[in-house]
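This report examines a pair of packed helices and the surroundings of a ligand. Please consult the structure shown below while reading.

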Amino acid sequence: MFDAHDFSVPEEWAKRAHADNDKYLEMYQHSINDPEGFWGEHGKRVDWIKPYSQVKDVSYDAKDLHIKWFHDGTLNVSANCLDRHLEKRGDQVAIIWEGDEPTDDKSVTYRELHAEVCKFANVMKSRGIKKGDRVTIYMPMIVEAAVAMLACARIGAVHSVVFGGFSPDALAGRIQDCESNAVITADEGVRGAKKIPLKANTDKALESCPDCTTCFVIKRTGGDIGWVEGRDLWYHEEMAKASADCPPEEMSAEDPLFILYTSGSTGKPKGVLHTSGGYLVYASMTHQYVFDYHDGDIYWCTADVGWITGHSYILYGPLANGATTLMFEGVPNYPDSSRFWQVCDKHQVNIFYTAPTAIRALMREGNGPVEKTSRKSLRLLGTVGEPINPEAWMWYHEVVGDTRCPIVDTWWQTETGGILITPLPGATKLKPGSATRPFFGVKPMMVDHDGKELDGACEGNLCIADSWPGQMRSVYGDHERFIQTYFSTYPGRYFTGDGAKRDADGYYWITGRVDDVLNVSGHRMGTAEVESALVHHDAVSEAAVVGYPHDIKGQGIYVYVTLTKGFEPSDDLRKELVQWVRKEIGPIASPDLLQWAPGLPKTRSGKIMRRILRKIAENDYANLGDTSTLADPSVVDDLIENRMNR
Ligand code: WTA
């Protein structure tokens, strides 16, 4: 639709860029034809304690599935993010922290961050935490969250960051699943002037986690909190006693770096396991090329460290590259919807990376809040997390970026560790709404339902044919589930769970999930998780959850509930069930629409026909398709009549 536009960058811009189109093509060809040679060379971008001699050892064959990169090399990730910068840029700012209140900010240099990380690493050691132990981090967006992650990496402990918006139950489930014996939290978080009771949530969670015997607490607000003597320790008190000398632990490239829980189409969230060497190489290389990062750039990714985007592109990628990375505690519309752009001006941000849902929400506020700021420092804009509609892309380009800044629409997943499909600014001709072309080493493959590979321009399911260094290695504690989830639908290939179109120029247009995973405001949510939360409630005998198009969130959560005998539908019960889901999982799982369903459409074998429920939720009930195989076709009429999305 916008093909006639020319989104190319000014000549000066292009000259400085890390790649032009020819260089991209040449490097891409090299990476595909000779992955060993390509990654053997680029793996050197991080510092190894013992250099690797093996580059790639991968089999996607279910019988012998393994993924190893650089596996005889050793390194330490925190040393790569800190120590190696001290000589050249010890006094450069590593993290700019912007608090929830516009008057609240601070800067931390590489030297200061290094000292903090070493101290906290020693604090953890003094509590007996060691290499291989799992440590859960449940924190607001404060510098100490970065310190905690890097300190784990320093001693070889495996961190599992749980987003601060998750409920005590969700937190407890994650602590239990990876058997963490320590958790790091804060008294309270602050977002948009609202307090989040992190310590109280942790206390509740730990009631069902008897093996978690240490809880470090950072004082953020000074609010009243409970205290368990012997288990709870104030961060600042322990830090005051700690030494700043802590040699980094030598880790094998394939030692785990972190676990991050994410939703799938079935069951409870999976612990996505990432390892050290390949992950860091990939995060740092993508950060440099995709954001055209140059020394001295001020870089801001608005994600939360509780998500993969925060791991790879607030912390590990930027710090490995010696960048100045901005961490924002607040929300886009507090104190008002000009906040993002005010922060850009205040800290002279050059590279800005956010989610389409934020862009759409801000676009709705009009151009005023944007135009009252300068934004002259901005050079590049990025998006991640969900498809961006061309209208929002154009607004981002024209209003936020003054038509001057290229936009990188980056497609990737928790599982992929780093960006897989993206434009390279200065090299790739942009098309609004398309994530464009694969990054180096990434071999996308389009397949139909039967797994037949599709050629040329086509629409189908997106697989990746071969491994890249940042790929997840396993589901924590359940390797079989890893194989089942990603390598069994299309044997021998990594299946992304996403549908896509490929156009005649070879550009990819991601159309969204093809499994039962929702993408709500860029957050992944499994329909099965919401359903299982609902059926925990006494009033609910059965529940089915589907997505429907939502102007701001991308997808909204639509819930069908069949009540247990003896319960009557009411507005109060509806509210109670919405609250219930928030309590069980967290506010991000709040149902948007809840419909009472006396019956759900099922096949004769009892399988719920979600296709039909999706159509009704989308208000597209004229196209229900074949309903003749239903056990009781009449339930559909009732559902249509009482639909909520009119
Ligand atoms: C979706 C976030 C379209 C996709 C990094 C994927 C996108 C899921 C894009 C992963 C994009 C992410 N265009 N869709 N640029 N980026 N997605 O694990 O459906 O939270 O499978 O990782 O988000 O979400 P996750």
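## Packing of two helices

In this predicted model, helix α14 (residues 356–363) packs against helix α16 (residues 390–400) at an angle of about 75°, and their axes are 10 Å apart. Because angles of 65 to 115 degrees count as roughly perpendicular, α14 is roughly perpendicular to α16. Helices here are DSSP runs of H or I with at least four residues, and strands are runs of E with at least two. Axes are lines fitted to C-alpha atoms, for helices over the stretch in contact, with angles from 0 to 180 degrees between N-to-C directions.

I359, R360, L362 and M363 of α14 meet E391, A392, W395 and Y396 of α16, where contact means heavy atoms within 4.5 Å. These residues comprise 6 nonpolar, no polar and 2 charged.

## The ligand and its shell

Around the ligand there are 17 residues, of which D409, T410, T414, D498 and R524 come nearest; a residue counts as near if one of its heavy atoms lies within 4 Å. At least two residues of the shell come from each of α12 (308–320), β20 (407–410) and β25 (508–513).

A side-chain N or O atom of D498 is 2.6 Å from an oxygen atom of the ligand. For G385, a backbone N or O atom lies 3.1 Å from a ligand nitrogen atom.

## Basis of the values

Residues are numbered from 1 along each chain as its sequence is written, and side-chain values use heavy atoms, without hydrogens and water. In this predicted model, local features need pLDDT of at least 70 and side-chain atom pairs count only at pLDDT 80 or more, whereas totals for chains, interfaces and linings use all residues.

Notes: Angles under 35 degrees count as roughly parallel, over 145 as roughly antiparallel, 65 to 115 as roughly perpendicular and the rest as oblique. Ala, Val, Leu, Ile, Met, Phe, Trp, Tyr, Cys and Pro count as nonpolar, Asp, Glu, Lys and Arg as charged, and the others, Gly among them, as polar. A polar contact is a pair of N or O atoms within 3.5 Å; within protein, one must be able to donate a hydrogen and the other to accept it, and residues adjacent in sequence count only if both atoms are side-chain atoms.
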